[in-house]
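Subject: Structure handover

Hello,

The structure you asked about is below, with the sequence.

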Amino acid sequence: MTVDEGVDISKAQDRGVLKRILKEGEGTETPTAGCFVRVHYTGTLLDGSKFDSSRDRNEPFEFQLGKGSVIKAWDIGIATMKKGEVCILTCAPAYAYGDSDKTPKIPPNSTLQFEVEMLEWHGEDLSPNKSKGILRHIVEQGEGFDTPNDGALVTVELEGKLLSDGKVFDTRTLTFPLGEGGEVNVPDGLERALEKFLKGEKSRVTLKPKYAFKSEGNAALGVPSNSAVEYTVKLTNFERAKESWAMDGPEKLEQAKIYKEKGTNYFKQSKYLLAIKMYKKVVTLVDDIPADTSETEENKKLADEYLLSSHLNLSLVYLKVTPPHYFEARDHATKALDIDENNVKGLFRRGQALLGMGETEQAMKDFQQVLSAEPQNKAASNQLIICRSTIQKQKQKEKQLYANMFDKFAKHDVQAEKERAKAEVDVIGDAVGEWGAGEGEWTDQQRAREPTEFEKENPNILLLDKEGQFKNM
C-alpha cells in the first residue's frame, strides 16, 4: 500500500487521515465520542518497519474515543469503524506525533500506518461506580461547553423503550427541574446522564434496572419490574440553577425555604426519594451559615432552624422508606440533636433507628430521655416496652445458647475421657478396658497362668508382678 491509497476521512479534507477497508464490519453503527472501544492494531512506518503491535502482546487496546487520549488520526478514524471491521489508517505527521522525537522507534515528522481491527465498543459509562449501569451513546453532538446542573430547568424530547423487546413505553417533550424527574416519571439514571449533555445533544442512554425503575417497575408507563430500558433523548434547552457558592446568605435561605416546602409536599405524597433530595439540598445550602462570622445573628438562627427541621425530616423519611435506612436515620437524628440536645423528635427517631439496628440498650436511653421530658408520651412508653421485651428475649436466647454450648462441652469431655482411658496403658503393659469379655478380666492370651484366688476376688487390683506376686509385700 502506498501513502496515497485510501479515502480521505479528515474533516479538513487535507489527506491527513486516509482509510482503506480490508474487511467490512457488521451492521451500520459506529462508536461516537465518549464510547470505550477495544481494538487490535499493528503500527508501521512507510518502509514497513513495525514499531508497535497489540497482537504481539496478545492484549487488545482499550481507550475512550474523542477525549484526546490517542493520536488525532485515531480519534477520527476509529469513529468510522463498525464492529468486526479491519482497515488501514494512514496518518500524516500532523495527525500523528508531528515533529516530536520522544518516541524512539518513530522518527520526527513520520507518516504512520496502522492496521486496526474493531473488536467491540460500548457507550460512555456514566454510572457512579462504573458498573455500566448508565451508558451514553452520542447520536448528535451538542454545542457549547455548558451542561445542566442539579436544579437546572431542562427541556427534553425523549423516547423510552424496553431493551427486552423494543416496546416503546414513553414518547414526550417535557420541562422539569433536574433532580425532580421522578415527579414526571423520568428515572434517576436518565437525570444523571442529562447532567453531561450539551445543549442540542441527542444521545441513546441505556439504563440497567437499578438506574431505571428498579424492582418496582412503573405501572403508569407499563414498564415491568427489573427492566433494562433505553432512551433516545435530546436536550433542546436548559437554564442552569444558580450555584450555592454564587449566593449570599439571604439568597441561600430563600432557596432553602423553597426546597424545604417541596420536600414536605413530596413527603406528604409518599414520594420519599424526592423528599430526601429536597431536604438534602436545604442542608447543603445553609450548612455553613451558622459558623459564618459575616452573617447576621438572625440569619444564623434561621439557618439553624432549617438545619434542625431538615435533619429531623431526613431521619423520619429514612425510617419510612422500604427497607428502612436505620444508619442514615440515626445519623441525621444525631445531627439534629447536635443543634438541640433535648429535642424530643430527635431522641425518639434516633431511638427508633437504634432499635432497628439492634442497639436496644442505647435505644432505651433515648426513649427514657423522651419520657423525662414528656412523662405522658405514650409512643415512647410503648417503645420502652418493646425494648424491654427485646432484651428479655435476647437474654433467653443467650441462656439457651450457653446451655447448649455447655452441654456440648460436657459431652465432649466425657467422650474424651473415655478415649483417654481406652488408650491408657496399665502397669503390666496392656490397655485398660481391653481385658476380655468382662471389664477387669484378663484373657488367657494376656497371661501365661491362671489367676490366683485373690485376683479372682479382686479383679481391679493391679499390684502384681508378672510372676503373680504382690509387689512390696
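The lining of the largest pocket is made up of 13 nonpolar, 10 charged and 7 polar residues. Please keep in mind that this is a predicted model. There are 30 lining residues in total, and those nearest the centre of the largest pocket are D188, K214, E216, L273 and L274. The space in this pocket comes to about 1,100 Å³.

As for secondary structure, three helices each give the lining of the largest pocket at least two residues: helix 3 (188–194), helix 5 (272–286) and helix 6 (297–320). Helix 5 has the largest share, with 6 residues.

The second largest pocket has a volume of about 430 Å³. Its lining consists of 19 residues, with A33, G34, L65, G66 and Q141 nearest the centre. Sorted by class, the lining of the second largest pocket has 8 nonpolar, 7 charged and 4 polar residues. Helix 2 (72–77) and strand 9 (134–140) each contribute at least two residues to the lining of this second pocket.

Which residues is S310 in contact with, once neighbours within four places in sequence are left aside? They are Y279, V282 and V283. Y279, V282 and V283 fall within the range of helix 5 (272–286).

Now the cysteines. A disulfide is a covalent bond between the sulfur atoms of two cysteines. How many disulfides does the model have? The count is 0. Take C91 as an example: the closest cysteine sulfur to that of C91 belongs to C87 and is 9.3 Å away. A pair has to lie within 2.5 Å to be a disulfide, so the sulfur of C87 is too far from that of C91 for a bond.

Burial was also computed for two cysteines. C91 has a relative accessibility of 0% and so counts as buried. C387 is buried as well, again with a relative accessible area of 0%.

After that, S310 can be shown together with Y279, V282 and V283, and C91 with C87.

Regards

Note on methods
Residues numbered from 1 in each chain as written. Predicted model: local features only at pLDDT ≥ 70, side-chain atom pairs only at ≥ 80, totals over all residues. Heavy atoms only, no water. Buried < 20%, exposed > 50% of the residue type's maximum accessible area, 1.4 Å probe, protein only. 1 Å grid on protein atoms, 1.4 Å probe; cavity = no way out; pocket = protein on both sides within 12 Å on 5 of 7 lines; lining within 4 Å. Points joined across faces, edges and corners; volume = space filled by probe spheres on them. Helix = DSSP H or I, 4+ residues; strand = E, 2+ residues; numbered from the N terminus. Nonpolar A, V, L, I, M, F, W, Y, C, P; charged D, E, K, R; others polar. Contact = heavy atoms within 4.5 Å.
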